[in-house]
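The tour below goes from one selection to the next.

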Amino acid sequence: MKKYNPTTHIGELISKTAFGDMMKGNKMGAVIKHSTIFSFWNNIVGAKFSKFTKPYSIKYNKLYVSAKSPIIVQELSLYKAKILRNVNSYSMPLGIEITDIIFNYKNYCATTPETLSNQVEDKPVEITKEQLQTVSIDNSLQEQIKKNVDRIKFLNDEQKKSFADKIASTYKAKNLQE
């Protein structure tokens, strides 16, 4: 078993595991990191904005967010610095620094799940929570995830548990697809 540097953050952990070895040479690692950040969107912007916004892409260290209306885009722009700090608190442990956020209201309808499923030919496999519960991951990997997440000082215990659970779910989903 490989030994990890105690200063390793979650992004490096994902890259160094057996799962990370499989991701070399393709975009799967970035997709996992982006989807992890997107899964915390409610925590980043709060319940008020999460109902009317959706993050849909990260390119060149810019986060692209679609909003339901131009009014929401205007209000979000007032909170842009705070949202940027919040998103970086979740993205930095994954090795991604977000330097700017681009808000757009024109493509909000295009990013709804119904329209995305019609446009995308390669649909992702949907995995239910019940299916994830049937899969287990190696205890040593689970401990590594927990140990690395515990080093993140800006998260409280509940956030650390949620973050570790989401990362473990990603590994479980990958094992389920194999």
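This is a predicted model: local features need pLDDT of at least 70, side-chain atom pairs count only at pLDDT 80 or more; totals for chains, interfaces and linings use all residues.

Residues are numbered from 1 along each chain as its sequence is written, and side-chain values use heavy atoms, with hydrogens and water left out.

**Stop 1**

Select Asn61, which is partly exposed with a relative accessible area of 37%. Asn61 lies in the loop between strand 1 and strand 2; helices (H or I, at least four residues) and strands (E, at least two) are DSSP runs numbered from the N terminus. Its phi is near 65 degrees, a positive value in a residue other than glycine. Most residues other than glycine have a negative phi.

Tyr60 is exposed, at a relative accessible area of 75%.

**Stop 2**

Next, select Ile98. Which residues does Ile98 touch, not counting those up to four places away in sequence? They are Ile58, Asn61, Leu63, Leu84, Val87, Asn88 and Ser91, where contact means heavy atoms within 4.5 Å.

Now widen the selection to the largest nonpolar core, which has 33 residues. Such a core is a set of buried Ala, Val, Leu, Ile, Met, Phe, Trp, Tyr and Cys residues joined through side-chain atoms within 4.5 Å. Ile44, Leu63, Ile83, Ile98, Ile101 and Phe163 touch the most other members. The largest share, 5 residues, comes from helix 10.

**Stop 3: the rings around Phe40**

Select Phe40, Tyr90 and Phe163, which ring pairs link into a cluster. Rings of Phe, Tyr and Trp (its six-membered ring) pair if their centres lie within 6.5 Å; planes under 30 degrees apart count as stacked, over 60 as edge-to-face and the rest as tilted. By this rule the count comes to 4 aromatic pairs. One of them, Phe40 with Tyr90, is stacked, at 4.7 Å centre to centre and 20 degrees between the planes. Phe40 is in the loop between helix 3 (28-39) and helix 4 (41-50), and Tyr90 is in helix 6 (residues 80-91), 50 residues apart. Both Phe40 and Tyr90 are buried.

Note on methods: Buried means under 20% relative accessible area, exposed over 50%, partly exposed in between (1.4 Å probe, protein chains only).
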